[in-house]
Amino acid sequence: MRTALKIVASCLMAMLSVGCATIPPDAGKNPADPWEVYNRQMADFNDRADKYVLAPVARGYTKVVPAPARDCIGNIFRNLGDVGNAINNLLQGKPAQASSDICRVAINTTVGLLGCFDVATSVGLTRSNEDFGQTFGRWGVGPGPYFVLPILGPSTVRDAIGRAADIYTDPLAFNHWERAYSIAAWSLRLIDVRAGLLDATALLEGAALDKYQFIRDGYLQRRLNLIYDGNPPREKEEDEEPEDKPADKLEKEESAPAKPAEPEGNSGAQQEPKAEKPAPQPDQPAPPPGR
Amino acid sequence: MSRNPLTSALTGLAFTLSLGVSGLAMQPTFAQVAPAAAATAPDLNAAPDELVRKLSTEVLASIKSDPALQNGDLPKLQQLVDERILPYVNFEKMTQLAVGRGWRQATPEQRQALSREFRTLLVRTYAGAMSQVRDHQVKMLPFRPGNPDDVVVRTQIVAPRGDPIQLDYRLEKTAAGWKIYDVNVLGVWLVENYKNSFASEINQSGIDGLIKALTERNKQFEAAKKA
């Protein structure tokens, strides 16, 4: 039995370590990603761990566990996550949202049967998405280098530290429970999350030219967006555009499909005659849009 | 906070390509399918937020009412894209912005090839994403017109379960009305997201290298689909 396990384990290790990531010659040139060589290797390892272990397990999970039960399990984890949302909203100086998060936990834990049903959303309390990485960002801490974590995937130095704080403050944290329960709970959580993404990963494979870069850039963009609750300042706004603009206009004229073009295609509705071409910094980053 | 960064990145990307990337392409064969639904199509002179609202509700409604689309029926999907989406997307500009600096060095033929392959890449992904649409609904967020000819329209896709998905559109006013030229899904602008990989491909092997990489990607995808 022991030896059989050992053989299985070593086979797994072998599968995971075979092959190496393709490292492009310009690796590490991107200022946001100086550790690209390491990161690509770790991303490659994660991909393999996903392909041979996590994704198959998640697929099995969706086959064996019926959808309503999976919804319930996912909701329970999200309910636990609302505790962290409340903490971080408070730390970011958003007491209104923090109290909404607390109400969510109160409602969902009771009426929602320990979080199994997300009753709070149906009464209009929307879920926040906060974590310590965002809180640090809100406090002005820069992301630092991009940093791919084992199994957990894309991160930055700031977000990795934030993640440690997230895990520490999570209701499922290791120090609150018997280790075995904690490990079981986190594993189930990981499987639940992965199962929710099975369709997404297939799409991603087809969409990206270089999957590593695509995920990295998407991650960095999304984090910035989250820190500003959907209204990030457009800092490096259209760096090449001013030069390209004339060419662009020409180009369009040449090849624009001959549409029934109304020369004055005005919408009427919003035509304030104020022109602020170069800096379309849309609005104050304060109020998140939908809440 | 319960969201894994991997989750975030992946869902982001998936949906980028899902409802968002309306800039999708068509095969020449389907290009001449008559726009039968032209009568109900949004007016080119409509305000940008109105245009986005009509476009997204109509596309979602078509998918919901047609099982073939939900199953990823490619020809039908392409027809939908041609009729409902393409007239409102400035695909050329999308490609140009994604290619960045290299665009100026590209010959007209190269530009055409780039646009074509980029489109094909996106339409394939879009096909996959469409098949996941079920009971989704569009919710328009308050529109704040800033610049008179370049605006962002913000929406959310609300699914029966799970968090709403942020989906924003950037539009530019052209002689032919407002046109979408970038899409943001869950905080990720699509054009921005392709920029780096396009640039490094061009640095390594030139514009033709990028065209080749895109073409190969499309072929692989095709092959994988058949398998």
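How many residues of helix α6 (residues 91-99) of chain B are buried? Nine of its nine residues are, so to speak, under cover: the helix is mostly covered. Here a residue is called buried if 20 or more other C-beta atoms lie within 10 Å of its own, exposed if 12 or fewer, and partly exposed in between, with C-beta atoms placed from the backbone.

Welcome to this structure, which is a predicted model: local features need pLDDT of at least 70, side-chain atom pairs count only at pLDDT 80 or more, and totals for chains, interfaces and linings use all residues. Residues are numbered from 1 along each chain as its sequence is written, while chains are lettered from A and ligands numbered from 1 in the order in which they are written.

**The two chains in outline**

- Chain A has 11 helices and zero strands, and chain B has nine helices and five strands. Helices (H or I, at least four residues) and strands (E, at least two) are DSSP runs, numbered from the N terminus.
- Starting at the N terminus, chain B runs α-α-α-α-α-α-α-α-β-β-β-β-β-α.
- Of the 291 residues in chain A, 31% are buried; of the 227 residues in chain B, 54% are buried.
- Two residues are in contact if their C-beta atoms, placed from the backbone, lie within 7 Å. Among contacts in chain A with a separation of 6 or more, 62% are between residues 24 or more positions apart. In chain B, 67% of the contacts between residues at least 6 apart in sequence join residues at least 24 apart.

**The sheet of chain B**

- Five strands form an open sheet in the order β1-β2-β3-β4-β5, with antiparallel pairing. Two strands count as paired if DSSP finds at least two bridges between them.
- At the edges stand β1 (137-140) and β5 (188-189) of chain B; each has a single partner strand, so one side of each is left without a neighbour in the sheet.
- Strand β2 (residues 150-158) of chain B pairs with β3(B) over eight bridges in the antiparallel sense, and B:T155 stands opposite B:L167 in β3(B).
- Strand β3 (residues 165-174) of chain B is also joined to strand β4 (residues 177-185) of chain B by eight bridges, and these two run antiparallel. On this side, B:L167 stands opposite B:V185 in β4(B).
- A hairpin is formed by β3(B) and β4(B), with two residues between them. The bridge partner of B:T174 is B:G177 in β4(B).
- Eight of the 10 residues of β3(B) are buried, so this strand is largely enclosed by the rest of the structure.

**Helices of chain B**

- Back to the opening helix: the buried residues of α6(B) include B:F91, B:M94, B:L97 and B:V99, along with B:E92 and B:K93.
- After α6(B) comes B:G100, whose phi is positive, near 70°.
- Helix α3 (residues 48-65) of chain B and helix α5 (residues 74-85) of chain B have axes that come within 11 Å and cross at roughly 160°. Axes are lines fitted to C-alpha atoms, for helices over the stretch in contact, and angles run from 0 to 180 degrees between N-to-C directions.
- α3(B) and α5(B) are therefore roughly antiparallel to each other, a term used for angles over 145 degrees.
- Their contact is made by B:L55, B:E58, B:V59 and B:S62 of α3(B) and B:L80, B:R84 and B:I85 of α5(B).

**Helices and a loop of chain A**

- The axes of helix α3 (residues 67-91) of chain A and helix α8 (residues 179-195) of chain A come within 10 Å and cross at roughly 115°.
- Here A:R70, A:I73, A:G74 and A:F77 in α3(A) meet A:L188, A:R189, A:D192 and A:A195 in α8(A).
- By class, this contact of α3(A) with α8(A) has four nonpolar, one polar and three charged residues. Ala, Val, Leu, Ile, Met, Phe, Trp, Tyr, Cys and Pro count as nonpolar, Asp, Glu, Lys and Arg as charged, and the others, Gly among them, as polar.
- A:L113 lies in the loop between α4 (95-110) and α5 (119-122) of chain A. A:L113 is partly exposed, with 13 other C-beta atoms within 10 Å.
- A:L113 and A:I76 are 37 residues apart in sequence, and their C-alpha atoms are 8.9 Å apart in space.

Terms used
Parallel < 35°, antiparallel > 145°, perpendicular 65-115°, else oblique.
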